[in-house]
Amino acid sequence: MLTPAERTALGAAIYAYRHASGHINCTGCYQCIPCPHNVAIGYIFAYVYNNYILHQNKERAMADYTISMSPVQRGDPASSCVGCGQCLAKCPQHLDISKLLTRVKETLGK
C-alpha cells in the first residue's frame, strides 16, 4: 500500500508523463491490433515514442525501437503503416493512428 506522499509523487509522475509536449494519448491497450501490416502500434506509441518525448533520449528510444521491433517480438516499425485505417475503429481513444505513426516515423526516422 502506498503512503499519501508516495501516491502524490506517483500522481505527479503520471501527470508529467501524460502532459509532456507531443505525448500521444495511447494507453497501450492493444485493441488496435492485429494490424494487417504487423505494425506494433501500441508498443510504438505507449512505450517507445512517449518515453522519448518525456526523456528526450533518442539513443535510448532507438535502442528500444530497433531491438524490440523484430517481427517475432513486437511487430514492424511505424514506416510499415500504409494508412489502411483498419485500426481506427478499434481505438478507444479515437486516435488518428496513421497520422501519429507518420509523426513517429518523422521523429525517430523509422
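Is the crossing of α2 and α3 right-handed or left-handed?

Reply: The crossing of α2 and α3 is right-handed. (A crossing is right-handed if the near helix is turned clockwise from the far one by less than a right angle, and left-handed if anticlockwise.)

First, the ground rules. This is a predicted model, in which local features need pLDDT of at least 70 and side-chain atom pairs count only at pLDDT 80 or more, while totals for chains, interfaces and linings use all residues. Residues are numbered from 1 along each chain as its sequence is written, and side-chain values use heavy atoms, with hydrogens and water left out.

Now the pair itself. Helix α2 covers residues 41-55 and helix α3 covers residues 58-67. (Helices are DSSP runs of H or I with at least four residues, numbered from the N terminus.) Their axes come within 8 Å and cross at roughly 160°. (Axes are lines fitted to C-alpha atoms over the stretch in contact, and angles run from 0 to 180 degrees between N-to-C directions.) The two helices are therefore roughly antiparallel to each other, a label for angles over 145 degrees.

Which residues make the contact? On α2 they are Y43, I44, Y47, V48 and Y52. On α3 they are K58, R60, A61, D64 and Y65. (Contact means heavy atoms within 4.5 Å.) By class, this contact has seven nonpolar, no polar and three charged residues. (Ala, Val, Leu, Ile, Met, Phe, Trp, Tyr, Cys and Pro count as nonpolar; Asp, Glu, Lys and Arg as charged; the others, Gly among them, as polar.)

α3 also meets helix α4, residues 97-108. Here the axes come within 11 Å and cross at roughly 120°. That makes α3 oblique to α4; oblique is what remains after under 35 degrees (roughly parallel), over 145 (roughly antiparallel) and 65 to 115 (roughly perpendicular). From α3, K58, A61, M62 and Y65 take part. They meet V104, T107 and L108 of α4. The residues of this contact divide into five nonpolar, one polar and one charged.

K58, A61 and Y65 are listed in the contact with α2, and K58, A61 and Y65 are listed again in the contact with α4.
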